[in-house]
Amino acid sequence: MDNLHSLNIEKICRVCLLEKTVLTPLFGNNLASMLMELTAINVEQDDNLPKVVCELCANEIGHWYTFKQQVRSNDSILRCIMLEKQKIERHEYIAQNIVTTSDANIDLKPNDSFQDGVPDNFTCDTCKKQLKTIHSLRRHVKIHSGEKPHKCTICNKSFVEHGNLTKHLRKHTKDKKHQCNVCGLRFYERNKLVIHIRTHTGEKPFTCKVCSRPFATPAQVNVHMKSHTGDRPYTCDVCQKSFPYSGSLVIHKKIHKGERSYSCPECKKSFSQKVNLESHIRTKHTRECPFLCEECCNAFPTKEQLKNHIRHHTGEKKPLNHICSVCHKQFSTSGELKIHLRIHTDERPYQCDFCGKNFRASSHMTSHRRIHTGEKRHICKYCGKAFRESSTLKIHVRIHTGERPYSCQICATSFTQRNTLNMHMKIHKNRIKTSTENM
């Protein structure tokens with residue numbers, strides 16, 4: 001106990017109480033929430049207890065948290081299998097007693113196909129839509145009747161199915177029970193999690209029928225199809241800009257009205273769109289990077305940053321429409337120009353929470369923080385050596401591949417790095433200078 005009094009609270013691991021040279025912050029990277037979910041303790045930023053954990057404990061937290069989520073996920077899968085089994089058994093039972101008095105408005109059409117005595121499809125009388133089960137057809141018929149018996153007691157919104165009301169209520173209770181095992185993001189609905197996981201796996205099961213481009217969701221295909229049809233029927237009455245969807249126009253009009261209904265709980269900065277708020281939280285506060293590059297495994301906090309990064313692999317270049325008013329340098333995005341302008345103003349709004357050093361861009365600060373945390377997530381597939389930056393790994397790999405992409409135009413000597421070539425070029429410049437002086 002006497003030894004405990006001499007501990008420096010600010011420099012010890014909250015879990016093992018040992019002083020370590022490399023410590024990881026609990027807050028801003030999901031570790032605190034993981035620790036609370038694994039244990040019965042409360043972890044708060046203002047509790048005056050250690051706000052860091054050592055690398056070993058951080059790995060243990062991540063390991064057991066992933067294990068817990070895996071157990072939950074597998075339990076969910078097993079329950080889904082049992083439910084599906086029950087559905088099949090119920091379907092077979094209904095097939096033997098196809099028409100009942102309660103199904104007077106639901107008819108099996110003469111052209112419905114049967115296999116082994118079970119109908120393949122059930123057809124709606126009103127819109128002719130075909131559904132796979134009679135239960136699905138009963139649910140569907142309610143859409144035409146306008147019947148919405150399940151009402152939210154908080155906002156009075158009504159739903160056709162009780163399951164839809166249950167999903168809706170989670171938005172009031174903030175119950176995001178579906179969590180991604182890869183990045184920790186939570187979702188109200190399981191289907192949203194399934195779609196999100198595709199950002200990690202790269203799975204794109206839906207294809208455009210015109211150009212065969214793959215997409216992660218049918219909604220993305222529908223949005224993409226507008227690029228082929230050019231259909232943009234919704235026009236802003238203020239600036240005449242047109243949009244393919246009414247929802248896009250509604251969001252756009254908030255710009256003219258100055259509406260910013262989505263506020264950041266951390267810094268109170270407000271946004272007109274929820275997606276912009278979510279990107280802001282990941283970029284500025286949680287530093288989560290759920291969008292993964294399939295080519296080099298580099299991760300990014302926003303889809304836009306991932307798209308810009310992918311262009312480095314494909315060689316595609318965006319038009320340089322954004323010009324610096326000071327030095328006239330051109331950039332492809334307003335964000336790049338904004339960061340560049342800080343060179344002229346010397347503005348450095350991003351501060352390292354370890355040493356207080358300031359940076360012009362959040363990506364520069366994130367890269368710098370790895371010096372303190374010791375994080376080395378970029379691993380060489382040839383020798384297993386780990387690096388903090390993907391660019392450093394890229395240079396290292398050339399040792400194994402023998403690639404030397406930078407060549408001297410005078411003597412044709414090639415190098416693995418540009419700065420090595422630049423140093424080499426000084427030799428030629430000095431020789432030219434000496435020979436000129438001797439003439």
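Me: Where is Phe67 placed?
Reply: Phe67 sits in helix H3. Keep in mind that this is a predicted model.

Me: Is Phe67 buried, exposed or partly exposed?
Reply: Phe67 is partly exposed, because its relative accessible area is 44%.

Me: Which residues make the nonpolar surface patch?
Reply: Leu38, Trp64, Phe67 and Val71 make it. The patch covers about 370 Å².

Me: And which helix gives the most to that patch?
Reply: Helix H3, residues 55-96, gives the most. Its share is 3 residues.

Me: Zoom out for me. How many helices and strands does the chain have?
Reply: The chain has 14 helices and 26 strands.

Me: What share of the residues count as buried?
Reply: The chain has 439 residues, and 27% of them count as buried.

Me: What about the accessible surface of the chain?
Reply: The accessible surface comes to about 29800 Å². Carbon and sulfur atoms account for 53% of that.

Me: What share of the contacts is between residues 24 or more positions apart?
Reply: It is 22%, counting contacts with a separation of 6 or more.

Me: New topic. Which residues does the UniProt "binding site" annotation cover?
Reply: According to the unreviewed UniProt entry, the annotation covers Cys13, Cys16, Cys54 and Cys57.

Me: They span 45 residues in sequence, so how far apart are their C-alpha atoms?
Reply: No two of those C-alpha atoms are more than 8.1 Å apart, so the four gather at one spot.

Me: Take Cys13. Where is it placed?
Reply: Cys13 is in the loop between helix H1 (2-5) and strand E1 (23-25).

Me: Buried or exposed?
Reply: Cys13 counts as buried, because its relative accessibility is 0%.

Me: What is Cys13 in contact with?
Reply: Set aside neighbours within four places in sequence. Then Cys13 is in contact with Leu18, Leu23, Val52, Val53, Cys54 and Cys57.

Me: OK, Cys54. Where does it lie?
Reply: Cys54 lies in strand E2, residues 52-54. At 1% relative accessibility, Cys54 counts as buried.

Me: And which residues is Cys54 in contact with?
Reply: Again leaving out neighbours within four places in sequence, the contacts are Cys13, Cys16, Lys20, Val22 and Leu23.

Me: What about the largest nonpolar core? How many residues has it?
Reply: The largest nonpolar core has 16 residues. Those with the most contacts inside it are Cys13, Leu26, Leu31, Val43 and Val53. Helix H2 (31-38), E2 and H3 each supply at least two residues of this core.

Me: Pick Val43. What is it in contact with?
Reply: Val43 is in contact with Arg14, Leu26, Phe27, Ala32, Leu35 and Met36, leaving aside neighbours within four places in sequence.

Me: Arg14 has a charge. Which residue does it meet in a salt bridge?
Reply: Arg14 meets Asp47, at 3.0 Å from N to O. The pair links distant parts of the chain, 33 residues apart. Asp47 is in the loop between H2 and E2, and Arg14 is in the loop between H1 and E1.

Me: Why do side chains pair like that?
Reply: Side chains of opposite charge can pair when their charged atoms come close.

Me: Are those two buried or partly exposed?
Reply: Arg14 is buried, with a relative accessible area of 12%. Asp47 counts as partly exposed, at 23% relative accessibility.

Me: How many salt bridges does the structure hold?
Reply: The structure holds 9.

Me: Which ones share partners?
Reply: Salt bridges that share partners join Asp346, Arg348 and Arg360 into one network. Asp346 meets Arg348 at 3.4 Å, N to O. Asp346 also pairs with Arg360, where the closest N and O atoms are 3.9 Å apart.

Me: Where are Asp346 and Arg360?
Reply: Asp346 lies in the loop between helix H11 (334-345) and strand E21 (350-351). Arg360 lies in the loop between strand E22 (358-359) and H12, so the pair ties together parts that are 14 residues apart in sequence.

Me: Last one. Where does Arg369 lie, and is it buried or exposed?
Reply: Arg369 lies in helix H12, residues 362-373. At 10% relative accessibility, Arg369 counts as buried.

Note on methods
Residues are numbered from 1 along each chain as its sequence is written. This is a predicted model: local features need pLDDT of at least 70, side-chain atom pairs count only at pLDDT 80 or more; totals for chains, interfaces and linings use all residues. Side-chain values use heavy atoms; hydrogens and water are left out. UniProt positions are given in the numbering used here, feature names are shortened, and annotations may be inferred rather than shown by experiment. Helices (H or I, at least four residues) and strands (E, at least two) are DSSP runs, numbered from the N terminus. Buried means under 20% relative accessible area, exposed over 50%, partly exposed in between (1.4 Å probe, protein chains only). Contact means heavy atoms within 4.5 Å. Patches are made of residues with over 30% relative accessible area and no salt bridge: like charges are joined within 9 Å, nonpolar side chains (Val, Leu, Ile, Met, Phe, Trp, Tyr) within 5 Å. Accessible areas come from the Shrake-Rupley method with a 1.4 Å probe; for residues, only the protein chains shown count as cover. A salt bridge is a side-chain nitrogen of Lys or Arg within 4 Å of a carboxyl oxygen of Asp or Glu. A nonpolar core is a set of buried Ala, Val, Leu, Ile, Met, Phe, Trp, Tyr and Cys residues joined through side-chain atoms within 4.5 Å.
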